[in-house]
Amino acid sequence: MIASQIIVWFSFFGLLGWAFESLYCSLVEKRWCNRGFLFGPLCPIYGVGAVTAIAVFGNPLVSGNLPPFWAIFLICALGASAIEWFTSIVMERAFGTVWWDYSNLPLNIKGRVCASAAALFGLGGLAIVYVALPLVRLATANIPPLAFEVAGLALTWVLAADTMLTVATLTEVVAMVERLETDINDRVQGAVDAGSASVRAGAERLREGGVLLRGTGAEAADRLREGGDLAAYRLRFIADHMSARQQHVLHNARRFRVDRLGGTARRLERVLDVLLANRKKGGE
């Protein structure tokens, strides 16, 4: 395949993968989920897997003597899992986030790959080889090369713009979560330190009477509650001012490289979900 054809088929199968994954996640979570790393309706990993399978099994040296279906199943399952594993590591190291997590599924390896996903990829590989590949050949033979060139050029520009915008937004969200985590910790720790100082002062002055100590304990509790209230306010404020792009990234990043950031991100996501639900109710 020439470069323009690769871009077209990559985009086409990435679109199909996005539709499948978004529909599946929407049914599981019982709300619309716009899945994928990019903002547009395309999951790159599906496009990479499909184009790779087409290039391998569509090669004249292979297509004339295809291996048995079970071998194709295994090759596609293992090959796609390898792509998934590599992509997961690269994204985690580059952006500090992972966009899928199989930790809750059996037979997974560090949440990056799992047996059930590999089986689905194997079935998808069979569909690519026996169904999609003949259709791709037919379409390629009947579509003028100029059409592929124009479509490939247009899609390249769109994908490049989407990728740059996604990376910029992802960087914003990771930095925002880091600032939020630091801010919350500082506020809560400040309240704890102030409360502890009040308790120590009350203990030293215990001889002045139990009433003072009880009052000091209440003051410490008030300071702790104040710290928690400030942290909650900070969460609500940031969630209320997130853009649609930032919301997309927050909802789709399944895991953060640093666990403490992941915990803060999930708290922010829960607050955001409540705000969005309240906005929806208010608009009805």
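This briefing describes selected features of one protein structure. The model is predicted, so local features need pLDDT of at least 70 and side-chain atom pairs count only at pLDDT 80 or more, whereas totals for chains, interfaces and linings use all residues. Residues are numbered from 1 along each chain as its sequence is written, and side-chain values use heavy atoms, with hydrogens and water left out.

**Helix H1 and Trp-18**

- Trp-18 lies in helix H1, residues 3-29; helices are DSSP runs of H or I with at least four residues, numbered from the N terminus.
- The 27 residues of H1 should span 39 Å, and the 38 Å between its end C-alpha atoms agrees with this; the expected span is 1.5 Å times one less than the number of residues.
- Just after H1, Lys-30 has a positive phi of about 60°.
- Trp-18 has a relative accessible area of 15% and is therefore buried (under 20% relative accessible area, with a 1.4 Å probe and protein chains only).
- Beyond residues up to four places away in sequence, the contacts of Trp-18 include Trp-32, Pro-41 and Cys-43, where contact means heavy atoms within 4.5 Å.
- The C-alpha atoms of Trp-18 and Pro-41 are 6.0 Å apart, although 23 residues separate them along the chain.

**Helix H4 and Glu-92**

- Glu-92 belongs to helix H4, residues 69-95.
- Glu-92 is buried because its relative accessible area is 10%.

**Cysteines**

- Cys-43 is buried at 4% relative accessible area, and Cys-114 is buried at 5%.
- The model has zero disulfides, a disulfide being a pair of cysteine sulfur atoms within 2.5 Å.

Conventions:
Buried means under 20% relative accessible area, exposed over 50%, partly exposed in between (1.4 Å probe, protein chains only). Helices (H or I, at least four residues) and strands (E, at least two) are DSSP runs, numbered from the N terminus.
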